[in-house]
Amino acid sequence: MIRLIPYRQGFQYDEFFKNHENELPSKFFQEERDSYIIEDHQDPVGIASHFMIKSVAYLSIWMDPNKKLAEKKKALAIITERIIKKHHPSRIIARGNVPYMIPVFEANYYYAKGKDFQKIIEKWRYDLDDSIFDDEGFIINQGRMEKIPFGWFNTKDKGCGWISAYNLLKINGIEIPMRECAEGLQRWALLGEVAGQDITTEWLWLRKKGLSAQMSVIPSNTLALKRMKESDSGILLYLHGRGAHYVTYRNLNNGTFQFYNAVYGKKNHIMKAEDFLKKYSLFPFSSVIYVKKKK
């Protein structure tokens, strides 16, 4: 579990800083700014700090190059979301352009700008309430997205398809703007999304975006559960009392899964897949788009 601890409260990590003092830029400790120790399961993995000039956030970040790439990507996502929610900047300029950090920045939709990396915050983000997003920036509350159009309708009523696609791409390090995701899938719609997003077109669109995804062809809870357990992440399409619903899931590899936007606004929604379907699925005809586990 990634946590951000205010630097002044992190004295237990003095030895960590001493061991890495030659790698840590002195600016972390010299300027008045928000500074955090990045902790993963009580293990320090880096430090970050940021300050604002007008509408621009300037982020300095260092992470231990020996830590897993997935940890570094998640840490940057959490830091980025904290900056967005606290300051609502127009963009974030990040210092820390070293080779091992490049895939970390790119996975969070930062792009190279000179010696730095930059992330432009899209307009849709500030048309929406911060509570719609969890601590990593995943969409978890479709119920408050009536301002965002989708086909002939709005995202609150018909947008679970594009939301699930956006979240799945983000999980797999292919973050794109929300608007690009919604309008991209909308163009593939045949009926203006009267019946919601079609699972086949969503799967094809995700593959076009570079995601190595597969799809269960036969709607079946039994088959869907099997594919979920064989995958790292995916999208579950199931039927409930109000119709069909798409949710993104992440396999936590301990017998449980984290679900996004299943219960509107629920953070850290972690359950066994069997329990989830038993509780939320009305009929035994679920399907999945899934990304197989890496060998």
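This is a predicted model: local features need pLDDT of at least 70, side-chain atom pairs count only at pLDDT 80 or more; totals for chains, interfaces and linings use all residues.
Lys113 has Asp116 in β7 as its bridge partner. Three bridges join β6 to β7, and the two strands run antiparallel. Two residues lie between the strands of this hairpin. Gly114 takes a positive phi there, near 65 degrees.

Now follow β7 to its other neighbour. β5 and β7 pair over four bridges, in the antiparallel sense. Ile92 has Lys119 in β7 as its bridge partner. How much of β7 is covered? Four of its five residues are buried, so the strand is mostly covered.

Step back to the whole sheet. Strands of a sheet pair through backbone hydrogen bonds, either parallel or antiparallel. Here seven strands form an open sheet with mixed pairing. The order is β1-β2-β3-β4-β5-β7-β6. The edges are β1 (2-6) and β6 (111-113), each of which pairs on one side only. From one strand to the next, the twist averages 30 degrees.

Within that order, look at β3 and β4. Strand β3 covers residues 43-53 and strand β4 residues 56-63. Eight bridges join them, and they run antiparallel. Phe51 stands opposite Tyr58 in β4.

A helix packs on this sheet. Helix α3 spans residues 69-87. Which strands does α3 touch? The contacts are with β1, β2 (34-40), β3, β4, β5 (91-95) and β7 (116-120). The direction of α3 makes about 155 degrees with that of β4.

Turn next to the nonpolar cores. In soluble globular proteins, nonpolar side chains tend to be buried together. The largest nonpolar core in this model holds 31 residues. Which of them touch the most other members? They are Ile139, Trp162, Met178, Cys181, Trp205 and Leu206. Several elements give two or more residues to this core: α7 (160-171), α8 (178-187), α9 (199-208), β11 (231-240) and β15 (287-292). The largest share, seven residues, comes from α7.

Leaving aside residues up to four places away in sequence, Cys181 touches Trp162, Ala165, Tyr166, Ile176 and Trp205. Trp162 and Trp205 are also among the residues of the core that touch the most other members.

Terms used. Residues are numbered from 1 along each chain as its sequence is written. Side-chain values use heavy atoms; hydrogens and water are left out. A nonpolar core is a set of buried Ala, Val, Leu, Ile, Met, Phe, Trp, Tyr and Cys residues joined through side-chain atoms within 4.5 Å. Buried means under 20% relative accessible area, exposed over 50%, partly exposed in between (1.4 Å probe, protein chains only). Contact means heavy atoms within 4.5 Å. Two strands pair if DSSP finds at least two bridges between them. Axes are lines fitted to C-alpha atoms, for helices over the stretch in contact, and angles run from 0 to 180 degrees between N-to-C directions.
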